[in-house]
Amino acid sequence: MTMWNKRRVKHQAHTRAAGFTLLEVLIAVAIVAIALVTFMGLHLRSLDATIRAQDLTTAVLLAQAKMATMGEFPDTGEEKGQFEGPELARFQWATAVTEHTLDAVAGGQAVTVRRLEVTVAWADGQQLRHYTLEAYGVR
C-alpha cells in the first residue's frame, strides 16, 4: 500500500507586506511634531495669562488693604512705599489724597470732599503695570 503525502501548496501572487513605509512614518512624525509645537505655544500663552491674572488679583487685594488702613477721611498729601514680605517685593504703593470744597446748596453748608487714590505698581517682565483704586470721603 502506497501512501500519498497530500500537501496543499498555496501559490500566492506577489502582494505587498502589511505595514507602513518609512515615508509614511516620517510624514506622521512631522505632523505630530507640528501639532506639539503649536500646543506648547498655546500652553505658554495660557501660563502667561494665568500669571498676569494672579498679579492683577494680588494688586487689587493690596490696594484694598492699603485703602482700608487710610481711614474714612485721611489727611491730604501723597505717600509712597513698598509692601512687606518677600513674595510682595515686586509691588509698590502710592497714595494721594486731595480735598475739594463744594458750594452750599440752597441755604445748606459747604461740603468737603476728599478724593482718596491708591495705586499699586509692579514689574511684569520689561513692563511696569499698575492698578489704581479710588474712593471719596465726604464731610
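This is a predicted model: local features need pLDDT of at least 70, side-chain atom pairs count only at pLDDT 80 or more; totals for chains, interfaces and linings use all residues.
Local features need pLDDT of at least 70 and side-chain atom pairs count only at pLDDT 80 or more, while totals for chains, interfaces and linings use all residues. Residues are numbered from 1 along each chain as its sequence is written, and side-chain values use heavy atoms, with hydrogens and water left out.

**View A. A nonpolar surface patch includes Val 25.** Patch members have over 30% relative accessible area and no salt bridge, and nonpolar side chains are joined within 5 Å. Val 25 sits in helix H1, residues 22-70 (helices are DSSP runs of H or I, at least four residues; strands are E, at least two).

**View B. Asp 48 and Arg 52 pair along helix H1.** Their salt bridge spans 3.8 Å, N to O (a side-chain nitrogen of Lys or Arg within 4 Å of a carboxyl oxygen of Asp or Glu). The two residues are four apart, about one turn of the helix. Asp 48 is partly exposed at 35% (buried is under 20% relative accessible area, exposed over 50%, partly exposed in between; 1.4 Å probe, protein chains only).

**View C. Arg 114 meets Glu 99 in a salt bridge.** The N to O distance is 2.6 Å. Arg 114 belongs to strand E3 and Glu 99 to strand E2, so the pair ties together parts 15 residues apart in sequence. Arg 114 is buried at 12%, whereas Glu 99 is partly exposed at 39%.

Terms used
Patches are made of residues with over 30% relative accessible area and no salt bridge: like charges are joined within 9 Å, nonpolar side chains (Val, Leu, Ile, Met, Phe, Trp, Tyr) within 5 Å. Accessible areas come from the Shrake-Rupley method with a 1.4 Å probe; for residues, only the protein chains shown count as cover.
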